[in-house]
Amino acid sequence: MAGNVELLNAVLAQARTENRAALVGYLPAGFPTVDGGVRAMTEMLDGGCDIVEVGLPHSDPVLDGPVIQTADDIALRGGVKIVDVIRTVREVHAATGAPVLCMTYWNPVDRYGVERFAADLAEAGGAGCILPDLPVEESEVWRKAAEQHGLATVFVVAPSSRDERLAKITAAGSGFVYAASLMGVTGTRESVGREAQELVARTRATTDLPVCVGLGVSNPEQAAEVAQFADGVIVGSAFVKRLLAADGDLDAGLAGVRTLAGELAEGVRKRF
């Protein structure tokens with residue numbers, strides 16, 4: 001079975017035809033439980049997200065700040081395995097028909113087996129993989145497997161990336177480019193900053209791929225700001241916070257997640 005890279009491309013293209021940014025939500029699999037995570041991601045999509053990223057919890061998530069680290073720790077202590085991540089992708093996609101990607105560090109994929117991971121992710125209906133710590137120079141084995149199985153390979157670029165480096169990264173990627181809005185780790189911030197807009201402009205000069213901005217977006221106002229210059233707005237920590245704030249009350253957490261998705265969806269549709 002081929003993966004859903006074409007569905008991902010179609011959803012991003014549709015958002016562009018509607019003159020708006022796509023809304024991309026993120027949660028780690030297994031948080032607060034595997035079943036609870038599936039329900040939460042389904043609520044995110046039903047509430048207004050266009051795309052969802054399923055995080056593969058990792059004990060040393062170098063890109064992730066304390067909020068997502070807390071969620072990862074809960075998932076890992078709950079015994080989450082790669083098979084649960086794949087199951088989450090399968091069930092969320094089956095429930096919504098939306099593009100579902102996996103965001104993971106490279107080591108778990110390498111240990112699981114590159115071909116096996118690509119095949120299982122595609123069979124589950126996955127649209128692709130975001131690999132924040134895989135250097136493009138070392139990515140050929142993964143990219144070949146991903147292409148064979150109909151999966152996007154999304155690389156992360158940062159404000160520190162020089163133009164020559166940006167061109168190399170975007171030439172190797174597919175689906176979209178994940179632009180980290182600032183140097184640092186994930187987490188909500190009071191301001192997304194001008195660096196993000198400059199990075200998007202520099203990245204677009206090297207590629208026709210959509211450029212989606214993550215790290216720091218947490219409310220409708222920030223989503224609206226980023227949507228003025230980016231093709232997609234990625235939100236993770238703010239969704240995790242809604243579930244953590246529910247303090248074990250899953251129904252309340254799910255309601256909070258759905259409400260936030262709706263507010264952010266309104267934000268990415270604002271034109272100034």
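Which residues of helix H11 (residues 237–245) are buried? Keep this question in mind as you go through the close-up views below.

This is a predicted model, in which local features need pLDDT of at least 70 and side-chain atom pairs count only at pLDDT 80 or more, while totals for chains, interfaces and linings use all residues. Residues are numbered from 1 along each chain as its sequence is written, and side-chain values use heavy atoms, leaving out hydrogens and water.

**View 1. Helix H11 and its neighbours.** The buried residues of H11 are Ser 237, Ala 238, Phe 239, Val 240 and Leu 243; buried means under 20% relative accessible area, exposed over 50%, and partly exposed in between (1.4 Å probe, protein chains only). They pack against S1, helix H2 (34–47), helix H3 (66–77), S9 and helix H12 (250–268), where contact means heavy atoms within 4.5 Å. Helices (H or I, at least four residues) and strands (E, at least two) are DSSP runs, numbered from the N terminus. After H11 comes Asp 247, with a positive phi near 55°.

**View 2. The open sheet.** Nine parallel strands line up in the order S5-S4-S3-S2-S1-S9-S8-S7-S6; two strands pair if DSSP finds at least two bridges between them. At the edges, strand S5 (152–154) and strand S6 (156–157) each pair on one side only. Strand S1 (residues 22–28) and strand S9 (residues 232–235) are joined by four bridges, and Gly 25 has Val 235 in S9 as its bridge partner.

View 3. Trp 106, Tyr 112, Phe 117 and Trp 142 make up one aromatic cluster. Trp 106 and Trp 142 pair edge-to-face, at 6.4 Å centre to centre and 80° between the planes. Rings of Phe, Tyr and Trp (its six-membered ring) pair if their centres lie within 6.5 Å, with planes under 30 degrees apart counted as stacked, over 60 as edge-to-face and the rest as tilted. Because Trp 106 lies in helix H5 (residues 106–112) and Trp 142 in helix H7 (residues 140–148), the pair ties together parts that are 36 residues apart in sequence. Trp 142 is buried, with a relative accessible area of 0%.

**View 4. Cysteines without a bond.** The structure holds zero disulfides, a disulfide being a pair of cysteine sulfur atoms within 2.5 Å. For Cys 49, the nearest cysteine sulfur belongs to Cys 212, 12 Å away. The sulfur of Cys 102 has its closest cysteine sulfur in Cys 129, at 4.6 Å, which is too far for a bond. Cys 102 counts as buried, at 1% relative accessibility.
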